[in-house]
Amino acid sequence: MKIKYLVYTLTLIMALYSCSNESQEELRAQALADLDLPTGEEEEGEPGEENGNETNLITYDGEIRDIMLNNCNRCHTIPLAFGAPFPLLTFNDVSSRANRIIARMNDGSNPMPPSGLLPLNIRVVVEQWREDGLLEN
Ligand code: HEC
């Protein structure tokens, strides 16, 4: 009778122990999931996936129009001013000339705007726009 009791008790303790062990594991897994640590597998997600990459792409509507407005449209406007050869007012105006725009914006001896090179952080945004595929929005 006594031994039976002991076996019951031991079984019960073991059952409880393994049970609590299991939930410890679950808690740990849940905590890790909550931390949302990068796994390395998600790094190469396509734009548009839930990793938020798409918000990092440079677009004409997002950044480029304002850069043109602040630095180029004084001359590259309609009507053309100060001898500028074309307007840079629309997505088409700018995207179709991206290569020349980037070349001249980074040409230290013949820069656009003619008054001098813009700060590097502005110039790299336009280059990144081309890298990202000349997106409109
Ligand atoms: C003060 C007036 C003025 C401003 C501001 C200005 N431009 Fe120009 N741009 C000109 C003139 C004048 C020309 C034609 C003479 C030349 O090419 O240097 C020209 C020519 C160009 C050309 C064609 C030349 C080529 O080499 O293909 C591009 C591209 C250009 N500008 C881009 C820009 C960009 C981008 C900005 C702003 C970051 C800008 N420009 C700001 C006056 C201006």
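Here is a short tour, from the whole chain down to single residues.

Keep in mind as you look around that this is a predicted model. Start with the cartoon view: the protein has five helices and zero strands, so from the N terminus the elements simply read α-α-α-α-α. Buried residues account for 9% of the 137 residues. Of the contacts between residues at least 6 apart in sequence, 49% join residues at least 24 apart.

Next, select residues 98–105 (α4) and 120–131 (α5). These two helices pack at an angle of about 155°, with axes 10 Å apart. Angles over 145 degrees count as roughly antiparallel, and that is therefore how α4 and α5 sit relative to each other. Their crossing is left-handed. Now show the side chains where they meet: A98, I101, I102 and M105 from α4, and R123, V126, E127 and R130 from α5. That contact is made of five nonpolar, no polar and three charged residues.

Staying with these helices, go to the loop between α4 and α5, where you'll find P113.

For another cis bond, jump to I78 and P79, where omega is about -5°. P79 is in the loop between α2 (60–71) and α3 (91–95). F82 is found in the loop between α2 and α3 too. Though not a glycine, F82 has a positive phi of about 55°. Is F82 buried or exposed? It counts as exposed, because F82 has 10 C-beta neighbours inside 10 Å.

Last stop: L134, in the segment after α5. Phi of L134 is positive as well, near 50°. With 16 C-beta neighbours inside 10 Å, L134 counts as partly exposed.

Note on methods:
Residues are numbered from 1 along each chain as its sequence is written. This is a predicted model: local features need pLDDT of at least 70, side-chain atom pairs count only at pLDDT 80 or more; totals for chains, interfaces and linings use all residues. Axes are lines fitted to C-alpha atoms, for helices over the stretch in contact, and angles run from 0 to 180 degrees between N-to-C directions. Helices (H or I, at least four residues) and strands (E, at least two) are DSSP runs, numbered from the N terminus. Angles under 35 degrees count as roughly parallel, over 145 as roughly antiparallel, 65 to 115 as roughly perpendicular and the rest as oblique. A crossing is left-handed if the near helix is turned anticlockwise from the far one by less than a right angle, and right-handed if clockwise. Two residues are in contact if their C-beta atoms, placed from the backbone, lie within 7 Å. Ala, Val, Leu, Ile, Met, Phe, Trp, Tyr, Cys and Pro count as nonpolar, Asp, Glu, Lys and Arg as charged, and the others, Gly among them, as polar. A residue is buried if 20 or more other C-beta atoms lie within 10 Å of its own, exposed if 12 or fewer, and partly exposed in between; C-beta atoms are placed from the backbone.
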